[in-house]
Amino acid sequence: MSDISFVRTEMLPEKEPPASTVGFIGWAKANLFSSVLNSVLTILSIVLVLFVLSGVLPWAFQSVWNASSLTECREILKATYGEHHEGACWAVINDRWVQLVFGFYPPYPIDPTMYLGNPPEGAWPAYFRPIATFVLILAAVAPVLFDKLPRKMLIITAIFPFAMPWLMWGGTVWFPVAAALGFAIGYFAFKYLADIVGELAGLIIAVVLPVIWWLFLMGPFADLMQSIIALDIPVVESRKFGGFTVSIFIGVVAIVGSLPIGIVLALGRQSDLLIVKALCVGFIEFIRGVPLITLLFVASTLLNIFLPPGTEFDIILRVLIMVTLFASAYMAEVIRGGLAALPRGQYEGADSLGLNYWQAQRLIIMPQALKISIPGIVSNFIGIFKDTTLVSIIAILDPLGLTNGIRADAAWNGIYWELFAFIAIVFFVFCFSMSRYSMYLERKLKTSH
């Protein structure tokens with residue numbers, strides 16, 4: 001009698017998945033043509049995109065890159081592509097790109113002659129100061145953004161807040177050194193006095209001592225050291241800052257400064273100390289209730305009214321302070337949302353481990369709150385960077401402000417779309433990069449699967 005087995009004893013070979021479920025076909029079926037409505041919308045969207053590209057691409061690529069004026073540019077377009085062809089005149093970017101990037105930042109050593117187009121022959125290497133500043137920015141943020149880089153690079157991050165203004169404005173090197181000493185004084189004061197007089201009193205002393213140093217002692221110290229060892233570079237006035245240099249400068253300073261200040265304000269708003277909480281709430285609500293352009297007008301005009309006669313307060317520095325404070329108020333609310341999203345058990349767990357307030361915030365609470373707040377933080381960063389264009393209203397020549405001067409020149413009178421398209425592309429590159437990094441960071445820190 002034969003034995004018939006109803007249980008398979010060998011494995012069948014794996015079959016290839018259906019072609020309609022993998023690759024581009026599978027992705028398109030799942031995302032573009034998953035239903036009749038989605039299919040109709042996809043087809044309409046493709047038609048609309050092709051219609052737009054059919055007009056934009058010939059305009060953008062059948063264009064002119066070398067011309068000395070708009071009239072010459074149009075003549076070249078007619079001779080090359082026909083009488084009725086409408087092409088872009090990118091020659092204005094080729095002719096004025098140095099101005100759009102550096103504004104009127106002078107060559108080094110400073111050349112007293114001003115120019116509207118490209119700099120005099122041989123002046124390009126002189127722009128090493130703004131170029132070195134941009135390289136320093138990349139080197140400073142790299143170890144913060146990517147943890148696989150050597151931790152020793154954080155030394156550059158610590159040097160960056162003091163070296164950046166010195167490179168841009170110039171002057172003696174002892175002023176940024178003296179400014180850094182103020183932070184060192186505050187750190188050591190808190191470290192050695194907190195155990196003696198208590199954390200709160202130590203924190204107050206650690207704040208008061210650097211302020212006294214910066215207000216009364218930093219200047220004489222820098223002058224004394226300069227008289228002993230002269231280390232300085234030529235001074236550049238703020239009115240010569242411009243172009244993407246000033247946008248990046250203001251944007252980076254505001255972004256870097258707003259995050260720690262926003263964290264402090266968010267913690268202060270949740271503090272049990274009545275005075276601290278009232279000050280933080282009042283500051284946040286006041287700043288959030290006033291448009292940024294109003295604060296910029298205050299910084300550029302009204303602030304001098306409240307200063308002693310003869311006081312000189314650099315306009316760029318005033319704008320940096322106002323933009324940073326404005327961004328900090330919004331950053332504080334984003335971080336407060338992250339703190340509110342944490343379950344109560346995280347705070348109780350920190351207490352059960354015997355951690356004090358600052359240890360709990362540094363090791364348990366704040367890392368989780370910042371992770372939750374990443375989308376809002378990066379959105380705030382992008383908004384700050386785009387808001388730097390508002391400084392053109394107070395006569396600081398950012399890229400948008402420079403377009404008015406370029407179009408006022410008889411050679412380029414009438415140029416419009418090319419300048420704004422170029423500026424939009426550059427801003428898009430910076431903002432899109434921040435957005436992609438935000439998505440990368442969210443994927444990296446994701447703990448739920």
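**Figure 1. Accessible surface and overall form of the predicted chain.** The chain exposes about 26800 Å², and carbon and sulfur atoms supply 70% of this area; the areas come from the Shrake-Rupley method with a 1.4 Å probe, and for residues only the protein chains shown count as cover. This is a predicted model, in which local features need pLDDT of at least 70 and side-chain atom pairs count only at pLDDT 80 or more, while totals for chains, interfaces and linings use all residues. Residues are numbered from 1 along each chain as its sequence is written, and side-chain values use heavy atoms, with hydrogens and water left out. Of the 449 residues in the chain, 36% are buried (buried means under 20% relative accessible area, exposed over 50%, partly exposed in between, with a 1.4 Å probe and protein chains only). There are 17 helices and two strands in the chain (DSSP runs numbered from the N terminus: helices are H or I with at least four residues, strands are E with at least two). The radius of gyration is 29 Å, well over the 22 Å given by the globule rule for 449 residues, so the chain is more spread out than a compact globule (the radius is taken over C-alpha atoms, and the rule is 2.2 Å times the number of residues to the power 0.38). Along the principal axes, the C-alpha atoms fill a box of roughly 105 × 80 × 40 Å.

**Figure 2. Salt bridge between Arg-239 and Glu-237**. Side chains of opposite charge can pair when their charged atoms come close. A salt bridge here is a side-chain nitrogen of Lys or Arg within 4 Å of a carboxyl oxygen of Asp or Glu, and a search of the whole structure finds eight. In this pair the closest N and O atoms are 2.6 Å apart. Arg-239 counts as exposed, at 62% relative accessibility, and Glu-237 is partly exposed, with a relative accessible area of 42%.

**Figure 3. Salt bridges of Glu-333 with Arg-269 and Arg-336**. The side chains of Arg-269 and Glu-333 meet at 2.8 Å, N to O. This pair links distant parts of the chain, with Arg-269 in helix H9 (residues 243-269) and Glu-333 in helix H12 (residues 315-341), 64 residues apart. Both Arg-269 and Glu-333 are buried. For Arg-336 and Glu-333 the N to O distance is 2.9 Å. These two are separated by about one helical turn, because they are three residues apart in helix H12. Arg-336 is partly exposed at 30% relative accessibility, whereas Glu-333 is buried at 17%. Salt bridges with shared partners join Arg-269, Glu-285, Arg-288, Glu-333 and Arg-336 into one network.

Figure 4. Ser-328 is buried, and its relative accessible area is 0%. Leaving out residues up to four places away in sequence, Ser-328 touches Gly-257, Ser-258, Ile-261, Gly-262 and Leu-265 (contact means heavy atoms within 4.5 Å). Across the chain, 71% of the contacts with a separation of 6 or more are between residues 24 or more positions apart.

**Figure 5. Ala-395 in the loop between helices H15 and H16**. Helix H15 covers 374-387 and helix H16 covers 399-408. Most residues other than glycine have a negative phi. Phi of Ala-395 is near 70°, a positive value in a residue other than glycine. Ala-395 is exposed, with a relative accessible area of 66%.
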